[in-house]
Amino acid sequence: MDSTLLKFALPSLVVLAISTTAAAALEQNCRFIQAKPDREACYKRQEDELAAKRKPAAPAAESTTFETLRQMRQDDDAVYRSINNICRGC
């Protein structure tokens with residue numbers, strides 16, 4: 001049991017440590033730039049990168065939701081049409 005735990009836990013911890021180190025390094029790079037205009041430009045680039053990563057995710061989810069709702073509405077209309085064509089008194 002311990003060997004199975006080590007097989008999965010150790011690689012997971014290594015990946016977690018590497019990912020948090022990379023994120024922390026990205027934020028700290030701008031902090032140590034001495035020239036103010038260069039430092040502000042670095043912060044601006046970071047903000048733009050974060051905005052670019054976050055922005056495409058929201059519209060994609062909305063468009064798929066509206067597409068799904070539209071498809072459901074078409075399916076419902078087809079079912080209602082087929083139900084109305086059934087002879088109920090025959």
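Reader: How many disulfides does the count come to, and by what rule?

Author: The count comes to 1 disulfide, where a disulfide is a pair of cysteine sulfur atoms within 2.5 Å. The model is predicted, so local features need pLDDT of at least 70 and side-chain atom pairs count only at pLDDT 80 or more, while totals for chains, interfaces and linings use all residues. Residues are numbered from 1 along each chain as its sequence is written, and side-chain values use heavy atoms, with hydrogens and water left out.

Reader: What makes C30 and C42 a disulfide?

Author: The sulfur atoms of C30 and C42 are 1.7 Å apart; the limit is 2.5 Å, so the pair counts as a disulfide. C30 lies in helix α1 (residues 2-31) and C42 in helix α2 (residues 36-54), 12 residues apart, and the pair links distant parts of the chain. Helices here are DSSP runs of H or I, at least four residues, numbered from the N terminus.

Reader: Which class does I83 fall in, and why?

Author: I83, found in helix α3 (residues 57-84), has a relative accessible area of 33%, so I83 is partly exposed.

Terms used:
Helix = DSSP H or I, 4+ residues; strand = E, 2+ residues; numbered from the N terminus. Buried < 20%, exposed > 50% of the residue type's maximum accessible area, 1.4 Å probe, protein only.
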